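Here is a friendly walk through the links between side chains in this structure. Have a look at the sequence and the model below, then read on.

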Amino acid sequence: MASCDALTVVRNRSTFDESLEREISLSQRYRQDISLLVIDIDFFKKVNDTYGHSVGDEVLKEVAATIQHNIRTTDMLFRYGGEEFVVLLTNSDCDDSSVIADRILESVREINMQVAGQKIDVSVSIGLACRNKLDDGMTLFKRADKAMYEAKNEGRDQLKVA
């Protein structure tokens, strides 16, 4: 349980930190592609403020389950913090990773959550970075994170590739 987030039951940030460098090293050694998705729930604060933290917790759990359902069994999902998730896509080039990210976007949009008969619209913004030869774990993450903020700044509910 020390490696899992108690609420969403996905891997936690400390496990991400440990896994990222290992997976980068493996991708370099075996000359395999690796990509990273940084995913942030759009307007999450508004959900908490409008419906309460217990509903926010349900949204977090539902988004985590939706992401997990849309990635391959070899990929790794982490709750990075707050309403932010990271997916480590091993042996996945930019084209394949974009397909996975698009599938996540669509599936999150289809989440059907209601409170007192009122539908809660859920969407995410995703940043994608595909490892280049100069990337270490930190630079790969920073590029994906920057792309995620670009997605947010350009209207949310979309994918931006670093």
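## Bridges and a bond

Let's start with a charged pair: D135 and R143 join their side chains in a salt bridge, 2.6 Å from N to O. (A salt bridge here is a side-chain nitrogen of Lys or Arg within 4 Å of a carboxyl oxygen of Asp or Glu.) D135 is buried at 5% relative accessibility, while R143 is partly exposed at 23%. As for those words, buried means under 20% relative accessible area, exposed means over 50%, and partly exposed is in between, using a 1.4 Å probe and protein chains only.

A quick note on the background: this is a predicted model, where local features need pLDDT of at least 70, side-chain atom pairs count only at pLDDT 80 or more, and totals for chains, interfaces and linings use all residues. Residues are numbered from 1 along each chain as its sequence is written, and side-chain values use heavy atoms, with hydrogens and water left out.

How many salt bridges does the structure hold? There are twelve, and the table shows some of them, including the pair we began with.

| D75 | R72 | 2.5 Å |

Now for the cysteines. The structure holds one disulfide, a term that stands for a pair of cysteine sulfur atoms within 2.5 Å. Which residues form this disulfide? They are C94 and C130, whose sulfur atoms sit 1.8 Å apart. The link is right-handed, with 115 degrees about the S-S bond. C94 belongs to helix α4 (residues 94-109) and C130 to strand β6 (residues 124-130), so the bond ties together parts that are 36 residues apart in sequence. (Helices, H or I with at least four residues, and strands, E with at least two, are DSSP runs numbered from the N terminus.)

Are these two cysteines buried or partly exposed? C94 is partly exposed, with a relative accessible area of 28%, whereas C130 is buried at 15%. Another cysteine, C4, is partly exposed at 25% relative accessibility.
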